[in-house]
Amino acid sequence: MKKENMRIKENIRLIDQISAINDIVDYYFIDNKYVPYYADIARVEAIVNNFIEGVTFDEDEYIYDCVMNDKELSELVHRFYFNDSKPDVAAKKKNQENKKYLDIMAYVAVNVNEIIEVRKQEMIHCTNEKRNFLNGLTEFIVDIDSSISNFANLDLTKLTPDVVETATKIMNQLKDKEITPDLVSDVIKNAIDFKVPETEIYEGQRKQIGNLQNLLKEERDKNNELEKKIVKFEARNAISEE
């Protein structure tokens, strides 16, 4: 650990607080498991990484251990913790001095709790898995629908009779119809007895993976846009305050 004029940031921006919220939430869910026992480690690391400057860590160093073993760094981190161990005059004075930082952590905590509850419900009901499956399936069906107009041009002599029969049945169900969730559901029910070649199964899996990658890209783009809006908002506030 290297320290150079280590201190709490003079201006803790909203983007810093949002980053801390996301860091803490991620610690609650590791390898698709809910692990709340990492909460204290998450809070300490989020404070150091987002609210304190002038300190760097080596790759093999554990931030939580560094905080516990370095008095100066520990004191900075604990300014974000409400002191209720000794309800005396000194403790009340400390809490008053740290009110700015306590309010920041209160905001962080409220948002962390709300996001965690949402993610827990998504895990319980497999919301993300269902969404990804339906998106991938809809994309697959739309691809089939778009190929109906070209079906007459296919060289059917190169296809096996089973493949031709299966493709014909699926396309006939979709022909001249608008693709809707209900239609997709009906196609699934009607296709249960179809013998789908393994190559088509692998292709469906590939498309689901591609769809998931697109969703992740969309989330990253949304986060980038949010950060730009926050920076502009803070810039306007800074100008108005001047």
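## The model and its confidence

This is a predicted model, with local features needing pLDDT of at least 70, side-chain atom pairs counting only at pLDDT 80 or more, and totals for chains, interfaces and linings using all residues. Residues are numbered from 1 along each chain as its sequence is written, and side-chain values use heavy atoms, leaving out hydrogens and water.

The chain's average pLDDT (the predictor's confidence in each residue, from 0 to 100) is 76, and 52% of the residues score at least 70. Residues 194-198 fall below 50, and this stretch has 7 contacts (heavy atoms within 4.5 Å) beyond near neighbours in sequence.

## Two helices side by side

Helices here are DSSP runs of H or I with at least four residues, strands are E runs of at least two, and both are numbered from the N terminus. The axes (lines fitted to C-alpha atoms over the stretch in contact, with angles from 0 to 180 degrees between N-to-C directions) of α1 (residues 14-28) and α2 (residues 39-51) come within 9 Å and cross at roughly 155 degrees. That makes α1 roughly antiparallel (over 145 degrees) to α2.

Among the residues meeting there are Ile 24 and Tyr 27 in α1, and Ile 41 and Phe 51 in α2.

## A salt bridge

Lys 2 and Asp 58 form a salt bridge (a Lys or Arg side-chain nitrogen within 4 Å of an Asp or Glu carboxyl oxygen) at 3.2 Å, N to O. Lys 2 lies in strand β1 and Asp 58 in the loop between β4 and α3, so the pair ties together parts 56 residues apart in sequence.

Definitions and conventions. Angles under 35 degrees count as roughly parallel, over 145 as roughly antiparallel, 65 to 115 as roughly perpendicular and the rest as oblique.
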